[in-house]
There are 2 protein chains.
Amino acid sequence: MELFYSNDIRGDLVYFDQDEACHLIKVLRHRRGDEIAVMDGKGCLLHCRLEEDSPKAASALILSREEGFGAHPYTLTLAVCPTKNNERFEWMGEKATEFGMDVLYPVIGEHSERKVYKTERMKRIVLSAAKQSLKAAIPLVEECVSVKDFICSRPDDELKLIAYCFEGQKLSIKEALQNSSCSKVSVLIGPEGDFSAEEVQLALDKGFVPVHLGTSRLRTETAALCAVMAVYNKYM
Amino acid sequence: MELFYSNDIRGDLVYFDQDEACHLIKVLRHRRGDEIAVMDGKGCLLHCRLEEDSPKAASALILSREEGFGAHPYTLTLAVCPTKNNERFEWMGEKATEFGMDVLYPVIGEHSERKVYKTERMKRIVLSAAKQSLKAAIPLVEECVSVKDFICSRPDDELKLIAYCFEGQKLSIKEALQNSSCSKVSVLIGPEGDFSAEEVQLALDKGFVPVHLGTSRLRTETAALCAVMAVYNKYM
């Protein structure tokens, strides 16, 4: 099964942008009358019949709609400091999407070596991973914010977890998830140089629960994936 | 902390091969008298003092030994059909090592597109991942075998799991792990085209427990990592 994507839906018609039209018509040679599956990026799968089959302007008629296609029973916001190596960070975005992630925040900590992060490529990566793993919702990739701004922006009705390397009493992420019945979770993963003491204190003040990710020493991107999988595992 | 590696240990002396000697002496500029940490690849960390500091022939005196350094409380054998894209498979080997894996078998199924797999690069990758994640034991990368040979070669005193896509009653891997007190686990992950019906039947006959990996549609290499993470999570 192949999923196509459009966010331009008007009434019963779906319009494709030029990239998607090209892929649909030129690469995969679909023609008027073919039945295709389209995701709206918000969780709905649209069963469609192709109408216009030009590689410059393709459109399809919606035959039926399937809400919550490929959905997961939790809402996960993942905030991660981008790694120096971009490929590792992008890999993490792909895998987190495959497991199930709703929002990705690239965050910049006081000890971050990388102080800027452009989100365009990551947006394409999570779209492609969502298609590949048959999820009709595309994770939202937010613009870069500081760790402190992320901490201060979280809502109250959410289980908020922070993973850092400082010593101190910490639950495992597994225990912290088990102890909570909240299905809205956010996890904050620090940069290669860890959080500053001030960032950790602010997080604790704002109700974040400090967690560890087990005994292995994990790279930043592996730690982020470990957190995603811990949530996935809880609901497995 | 940086780990060096040697498998040439004679009495109280550690000898480095040319690659490692070059890295130690030329790149990192260690000199006679420097204290360094060396892993033997079998789980022991050796605290050493550098003796010979030539980039062609370096050696060190063992001051003390620490067994089980970076060890995990289970034994995991992972058998995975190599993906068409080599990079994805190698990535999986790296991440599985970071979490904790003991043996990796590249296996070839009846539906595998790839029928051969050379293990040299993977051996270097798991060595480097073991160093990076401070584990003194290097996962063993076995030579390629067929799925059927792998199935028939497993010992009795092991929890044997097989993840496949056919319909049928299956526990989640999390439940299967919870139901067993066995700390020796092997997991068999199929190729992109899944196992053949015959391979699945043979596995069931040989006591493999069929499991699913949750509701997400995962790529082969993500499925393998999901299995590793499920075991890691059990002992977290």
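Where in chain A is A:Leu134 found? In this predicted model, A:Leu134 belongs to the loop that connects α3 (120–132) with β9 (140–141) of chain A. Its phi is near 55 degrees, a positive value in a residue other than glycine. With a relative accessible area of 15%, A:Leu134 is buried; the residue counts as such because the cut-off for burial is under 20%.

The secondary structure of chain A comprises seven helices and 14 strands. Its C-alpha trace spans about 65 × 35 × 30 Å along the principal axes. Of the 236 residues in chain A, 54% are buried. When contacts between residues at least 6 apart in sequence are considered, 74% of them in chain A join residues at least 24 apart.

Chain A exposes about 10,700 Å², of which carbon and sulfur atoms supply 48%. The chain carries 30 positive and 36 negative side chains, and the centres of these two sets lie 3 Å apart.

Strand β4 (residues 35–39) runs antiparallel to strand β5 (residues 45–53), and five bridges join the two. Within this pairing, A:Ala37 has A:His47 in β5(A) as its bridge partner. The hairpin of β4(A) and β5(A) has five residues between the strands, and there A:Gly41 takes a positive phi near 80 degrees.

Strand β5(A) also pairs with strand β6 (residues 58–66) of chain A, in the antiparallel sense and over eight bridges. A:Arg49 stands opposite A:Leu61 in β6(A). β5(A) and β6(A) form a hairpin too, with four residues between them. In a regular strand the side chains alternate between the two faces of the sheet.

The cysteines raise a separate point. How many disulfides are there over all chains? The count comes to zero. A:Cys144 is in no disulfide, and the nearest cysteine sulfur, that of A:Cys81, is 8.6 Å away. A disulfide requires sulfur atoms within 2.5 Å, so that distance excludes a pair. A:Cys144 is partly exposed, with a relative accessible area of 25%.

In chain B, the sulfur of B:Cys165 is 11 Å from the closest cysteine sulfur, in B:Cys81, and is therefore too far for a bond. B:Cys165 is exposed, having a relative accessible area of 63%.

B:Pro82 is found in the loop between β7 (75–80) and α2 (86–99) of chain B. Is this residue buried or exposed? B:Pro82 is buried, with a relative accessible area of 6%. Leaving aside neighbours within four places in sequence, B:Pro82 is in contact with B:Phe89, B:Pro106, B:Val107, B:Ile108, B:Arg114 and B:Tyr117. From C-alpha to C-alpha, B:Pro82 and B:Thr220 are 8.3 Å apart in space, although 138 residues separate them in sequence.

Terms used:
Residues numbered from 1 in each chain as written. Chains lettered and ligands numbered in written order. Predicted model: local features only at pLDDT ≥ 70, side-chain atom pairs only at ≥ 80, totals over all residues. Heavy atoms only, no water. Buried < 20%, exposed > 50% of the residue type's maximum accessible area, 1.4 Å probe, protein only. Contact = heavy atoms within 4.5 Å. Areas by Shrake-Rupley, 256 points an atom, 1.4 Å probe, with all protein chains shown as cover. Lys, Arg positive; Asp, Glu negative; His and termini not counted. Charge placed at Lys NZ, Arg CZ, Asp CG, Glu CD. Pairing = 2+ DSSP bridges.
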